Amino acid sequence: MGVKGLQQFVDSTCPAVGIWVNLKKMAEQYKCSRAGRSPVVVVDAMSCLRYWYTPEAWVHGGQWREYLESLKSFVNAFSVAGIGLVFFFDGVIEQKKRDEWIQRRRRNNKEILKIFQYMKANACQPGKNMFFIPSGLATFTRFALKSLGLNTICSLQEADYEIASYARANEAMAILGQDTDYLIYDTVPYILISKLSLRSLATVMYSRENLCRSLSLQMVDLPLLACLLGNDTVPEYIVGRLKTQCLSAYSLSGPDTMQKTEMIAAVARYISSVDHSPSGLREVDRNLQHHSDESLLEKGVESYILPGQSSPWLPRNKISPVTHQCEMPIYPNHRILQYAKEKHTKAESSMVYRVLSNGEVECSNTLEDELDADLPGQAIIYRSARQSIYGILLADAQSGLCRAVKEWFVYPGNLLQQPDLVPALPPELPGGIPDLETLWLSEGSSVEELRYQAFLACFGLQDFIQEFNHLELPTSAPFCCLLIYITLQVSTFCLEDLNAYLAQVVCIRGKSADHLAQIQVPHVDSRAVHLASLFVRGLSVLISANCACGYPFKMVDLMPWEVFDGKLFHAKYLQSHNGCTMDDLLEKNEVLVPEFQKLKCLINTVCARNNRTLQSKPRPLMAGHSSEKGLDRLVEVPITFPSVDTPPTTQGIKYDIHNLAGPTQLKQVEVTDQIQDLSPGDHSVHPGLLVSKVTSRDGVRQIVEEDSTRSE
């Protein structure tokens, strides 16, 4: 997450640190200096998401086919230049960064609240100054890059440390990202994604040598500089007093804006005056505002020392930080844990390994309206599905401590002061839950059936196997599973919502990214934005279930660009709630009518057997309403759908978005009881959700079910 104030300092005070470079020329120089080696850029993917998401629309749930084209263009530019790419994603949130992660989630909540307030007041998407990446973008970007044949890695520890280590060990040409920590590591050159011109492949490279020269420091001093300025290991409030003393000692004065830049020079001068030894570091550590027997600065400096490196500030036996996030995994089967670890590092299954290794997972902010009491947060809605997934993963774990998972999930009302302790509840299956060796490592038709049944049991639709087998397209089954789950879990979900979802999924097939980009919607409805994010987050839950159950689906069938487009859904939502005819909802395409009716019939059948009947609740969003109900009303809705489909073109790279591993079968999901997340003594209830009570023990909220149907 970077070094406090360093970015501003190098940009405003040390222009010599930033050097404009052309990556094409840089690649040619690399080839000349390293005969036989091809230039490779290691990409910090998490810091590039905003750069990659180029579609103009972003509040509607994600323009996923447009986004896929954006990624292809990015990869093509480097491919044509003969530069290889390796992408790294954050795979864990280390405990030292948990507080910072929580603070960022809280800040994001405030930003999202402002976004919804703006949409409600203006009925349009906010400007770029309020841009917030679509929910689930990081998750699906991993799979998108893998589908393009790129080397994609999910970290097992701090991502920037792994990136710096990998780049140095493999003699990469550069690291591409937006994190000043890469200016501190003694590794390959660091280039900026924010300054990158994709057309010319020109960008800014930060020079560590020039930074050291301007501050009169040695390269080995940069880790201590980062710690004394404030970073993820050493919080800024701990070094505040020392920084002020440094500024005062060197008689640097001026307005506050100047002090921020002069502060770094003052701290650098202070470092130069200290004995470069472990005892010197301990002397500096004693001047910090913290009370601990452990040397905080030693820990901070150590976090920047890559494998094989040493530092004069550290004892000789301190040459690299701990390289394993979890010393004692909770899952007892080493073979299974190793398999899950390999899948994790290949960016194929993140949540599964986190559950098996240390029983702790997190989910970041979602673009959802915390003031809409009719729509609970996605973290609450999908909790029972996650509990079933945990139940399958931990069913044969020997320790009783493994029967619950710590969740750091963002949802309205959760201050993230401690994790929610969520019980793992194995779903009911004939013969019990199969062990993971059978689900993951065995082969044969009987195992495929077990995977299929286990997946269904995660969501509660195992009694409808025959009905789902009548669906022809592989994407139809998971789509229906998700819609049924939402319908049964959210009591305010209505017939118009269902029609909108169904219409967009049958209409999206065959539409190119260019076609979808041309769709014009008259205004933005905040509830439609919330429902869109809810659906996209649901796809990530399907991915977790698919991974836990041994890949009964091909991953590509669960990807948003196969079944969802934000603007298309928004348009269908407005049409549906304004009572347009089925003919208009399906764009006057008679070929789509049978499939629409077939999917709707299946969903209604399942809901009826669960005593759930969808009601018509049109929302009068525009002028010209008829008094009739449902799709039989004809209302003029000024929504523009382009009539010409222009196939996208891609040059310079071969790709196959249908080449993700996993056997294919048609599936269905099980609906399980919901657990309402409450603080101790709180008995408020979201509509459509069951109540549970919460006890607090050892700083962790433990969720205890009161509903008895789960055990029947």
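Residues are numbered from 1 along each chain as its sequence is written, and side-chain values use heavy atoms, with hydrogens and water left out. Because the model is predicted, local features need pLDDT of at least 70 and side-chain atom pairs count only at pLDDT 80 or more, while totals for chains, interfaces and linings use all residues.

Q: What makes up the chain in terms of helices and strands, and how much of the chain is buried?
A: The chain holds 28 helices and 12 strands, where helices (H or I, at least four residues) and strands (E, at least two) are DSSP runs numbered from the N terminus. Of its 712 residues, 57% are buried, a term that stands for under 20% relative accessible area, with exposed meaning over 50% and partly exposed in between (1.4 Å probe, protein chains only).

Q: Why is the pair of phenylalanine 74 and phenylalanine 87 called tilted?
A: Rings of Phe, Tyr and Trp (its six-membered ring) pair if their centres lie within 6.5 Å, and planes under 30 degrees apart count as stacked, over 60 as edge-to-face and the rest as tilted. A search of the whole structure finds 27 aromatic pairs. In the pair of phenylalanine 74 and phenylalanine 87 the centres are 6.5 Å apart and the planes stand at 55 degrees, so the pair is tilted.

Q: Which parts of the chain does the pair of phenylalanine 74 and phenylalanine 87 tie together?
A: Phenylalanine 74 belongs to helix H4 (residues 64-80) and phenylalanine 87 to strand S3 (residues 84-89), so the pair links parts that are 13 residues apart in sequence. Phenylalanine 74 and phenylalanine 87 are both buried.

Q: What makes phenylalanine 564 and phenylalanine 569 a tilted pair?
A: The centres of phenylalanine 564 and phenylalanine 569 are 5.9 Å apart and the planes are at 40 degrees, and the pair is accordingly classed as tilted. Both residues are buried, and they belong to one aromatic cluster together with Phe479, Phe493, Tyr501, Phe535 and Tyr573.

Q: How do you know that strand S3 pairs with strand S2 and with strand S4?
A: Two strands pair if DSSP finds at least two bridges between them. Strand S2 (residues 40-44) and S3 have five bridges in the parallel sense, and S3 and strand S4 (residues 151-154) have four, also parallel. Phenylalanine 88 in S3 stands opposite aspartate 44, and its bridge partner in S4 is isoleucine 153. S3 is mostly covered, with five of its six residues buried.

Q: What makes a set of residues a nonpolar core, and which residues touch the most other members of the largest one?
A: A nonpolar core is a set of buried Ala, Val, Leu, Ile, Met, Phe, Trp, Tyr and Cys residues joined through side-chain atoms within 4.5 Å. In the largest core, of 156 residues, Leu23, Trp52, Phe74, Phe87, Leu356, Leu393 and Phe468 touch the most other members. Helix H24 (residues 526-548) gives the most to this core, with 14 residues. A second, separate core of 61 residues includes Leu6, Cys14, Phe88 and Val267.
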